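This report looks at how two parts of one protein meet, and then at a single residue.

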Amino acid sequence: MSKQRVVITGLGVCAPNGVGIPAFTEAIKNGISGIRFQQQLADLNFGCQIAGQPEIPDDLLKEYFTPLQLRDLEATGITYGMIAGVDAWKDAGLAITDKDTVDYDSGIIFGTSLLGVEKFRKAIYLTDEGKVKRLGSTTVIQTMASGISAYLGGYLGCGNQVTTNSSACTTGTESILMGYDRIANGYAKRMLVGGCNDAGPYIWGGFDAMRVLNKKHNDQPEQGSRPMQSDAGGFVPGSGAGALVLESLESALSRNATIYAEVLGGAVNSGGQRQSGSMTAPNSIAVQHCIKDAMKNTATHPQDIDTINGHLTATGMCPTEIKNWSDALGRSGENFPYINSLKSMTGHCLAAAGSIETVATILELQHGMVFGNINCNDIHPDITAIIAKSKIPNKTIHKEIHIAAKASFGFGDVNCCMLFKKYNS
């Protein structure tokens, strides 16, 4: 059986530098950072006291939650995921079913690392104090990882597969590949996919303890996230959510939907924490294998790729990632594709990173641009030894993009690479 073609018909985002597609688009075009000083982190003696966190007006939440749900809602990841997911659904022009109807053609794969850490903390204290009866009826739904897909599934009435994936920093990108596979193989007509991540010290504290966060720019938050730079001092933590509606081309055409781009497919693998790989470092051979498999699975030639939205976290791994791309594509110098990292503006949004960054990638295809890398004036010499500096723009350039690559690499030595194409009827 031939596979169905899959397209993107809806986008939603709740990012540190923009909530909603219009605000987010302007932010990435103009290099607007969403990284800010966090007084709470300073009060708790964090080394890194800056982070990326979406700013959400209280009135906005009333559009996504009932008053009863809002009364006890403490899971920020669910908040971000609902905003991005519902916005993507509405952007696709899809209806929300009534309470007597189930849409068996539509499903959800929405990933996260963990949810409701603030709620879980409160639950631990109440339980230890013998006050179990005060936990409330929403503790479970706010703290289970699949809480986000459950919230979205109930809001939208989706009756196909409704689930949550979790693969560290690869989560958001992996969810897109999983949704693509489900539609391509004829198991669903539409899938809402994406990823979300909680904000706050109980999420970010472990990374601060690992000494992988930037502690040098607490007084200059917007300059803190510095992917590919010689003075990159570690990543800046972030949070938020990104969402996409994937749909079979046949379904999209039948309802005259707006088509943002075509999903060509991709690949996912693991380096097995062998060779150069570990729990926290990538096996470069596996990374290259993943990139090559993505091209093989989509019948894409390395020369066809116009731009790459990398993982590029602003750690010592940035030069390694560039070398892996160069070796996998067989391209270097001026022949290398343009490459950028949204993390320069948002920080590392963890399980949400891949989905937020994919939304940015699709906007590049739609608007014919390559967004600029901010804080990008002194590129690491190991990077410029491989690729031309001109391929790392520090300001947005306007250029027709036909094929874009997006990759994410996560703790546990897991990898995912996706390829997207400008839709041509």
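How many salt bridges does the rule find across the interface of domain 1 and domain 2? The rule finds 0 there, a salt bridge being a side-chain nitrogen of Lys or Arg within 4 Å of a carboxyl oxygen of Asp or Glu.

## Basis of the model

This is a predicted model, in which local features need pLDDT of at least 70 and side-chain atom pairs count only at pLDDT 80 or more, while totals for chains, interfaces and linings use all residues. Residues are numbered from 1 along each chain as its sequence is written, and side-chain values use heavy atoms, with hydrogens and water left out.

The protein is divided into domain 1 (6-261) and domain 2 (266-422), with bounds that come from an automatic or database domain assignment. Their C-alpha centres lie 22 Å apart, and the contact (heavy atoms within 4.5 Å) takes 65 residues from domain 1 and 61 residues from domain 2.

Between them the domains bury about 4600 Å², 71% of it on carbon and sulfur atoms; buried area is the accessible area (1.4 Å probe) that two parts lose on being put together, summed over both. In domain 1, Ile28, Cys169 and Met228 lose the most area to domain 2, together 18% of what that side buries.

## Alanine 407

Alanine 407 is buried, with a relative accessible area of 0%, where buried means under 20% (1.4 Å probe, protein chains only). Leaving aside residues up to four places away in sequence, alanine 407 touches Asn309, Gly310, His311, Trp325, Cys416 and Cys417.

Terms used:
Buried means under 20% relative accessible area, exposed over 50%, partly exposed in between (1.4 Å probe, protein chains only).
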